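Visitor: Can you walk me through this one? I'd like the overall build and then a few residues.

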Amino acid sequence: RFEQHDFREFLGRCQIQPEEVASLFVLLDSDNSGFIDYHEFIGGCMRLRGPAKAIDTIMLLDEARQLAQTASKICRRVGLLERRLAEVEDHVDRASEDIMVEVRGSHGAH
């Protein structure tokens, strides 16, 4: 277990800024358990050693491209849903107006 001072010193030796710790934690927590065990820590550190390889960069670029495509599809779908919702709201408004006209008309007939 790291004491806070020891941990900050360790991060400094690794050239990791304090504001990068949360992102690093997410990267190291490979099973998304909220905890980093010995194997995750060592495995993550081994992956982080040295400069990025070309394949790592290509894989990241491909992931980013796929995420951008997915985000674009989601935005198009949200836009479509917004238009459909506006149409439903218009129908509800018109139906409400028609009902009010009928109610007023039925009260005037009595």
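Visitor: What am I looking at, and how are residues numbered?

Guide: This is a predicted model, where local features need pLDDT of at least 70, side-chain atom pairs count only at pLDDT 80 or more, and totals for chains, interfaces and linings use all residues. Residues are numbered from 1 along each chain as its sequence is written, and side-chain values use heavy atoms, with hydrogens and water left out.

Visitor: How many helices and strands in the protein chain?

Guide: The protein chain has 4 helices and 0 strands, taken as DSSP runs numbered from the N terminus (helices are H or I, at least four residues; strands are E, at least two). The radius of gyration is 29 Å, well over the 13 Å that the globule rule gives for 110 residues, so the chain is more spread out than a compact globule. That radius is taken over C-alpha atoms, and the rule is 2.2 Å times the number of residues to the power 0.38.

Visitor: What does the C-alpha trace span along its principal axes?

Guide: About 90 × 35 × 25 Å. Glu40 and Gly105, 65 residues apart along the chain, have C-alpha atoms separated by 74 Å.

Visitor: And what share of the residues is buried?

Guide: Of the 110 residues, 8% count as buried. Buried means under 20% relative accessible area, exposed over 50%, and partly exposed in between (1.4 Å probe, protein chains only).

Visitor: Is Glu40 buried or exposed?

Guide: Glu40 counts as buried, at 8% relative accessibility. Glu40 lies in helix α3.

Visitor: Switching topic: how much space lies in the largest pocket?

Guide: About 510 Å³. Of the 15 residues lining this pocket, Arg47, Leu48, Ala52, Asp56 and Leu60 are the closest to its centre. A pocket here is an open set of points on a 1 Å grid over the protein atoms alone, where a 1.4 Å probe fits, with protein on both sides within 12 Å along at least five of seven lines; lining residues have an atom within 4 Å of a point. The volume is the space filled by probe spheres set on the points, which are joined across faces, edges and corners.

Visitor: Which elements give two or more residues to the lining?

Guide: They are α2 (21-28), α3 (38-48) and α4 (54-109).

Visitor: What's the phi of Asn32?

Guide: Asn32 has a positive phi of about 55 degrees, although it is not a glycine. Most residues other than glycine have a negative phi. Asn32 sits in the loop between α2 and α3 and counts as exposed at 66% relative accessibility.
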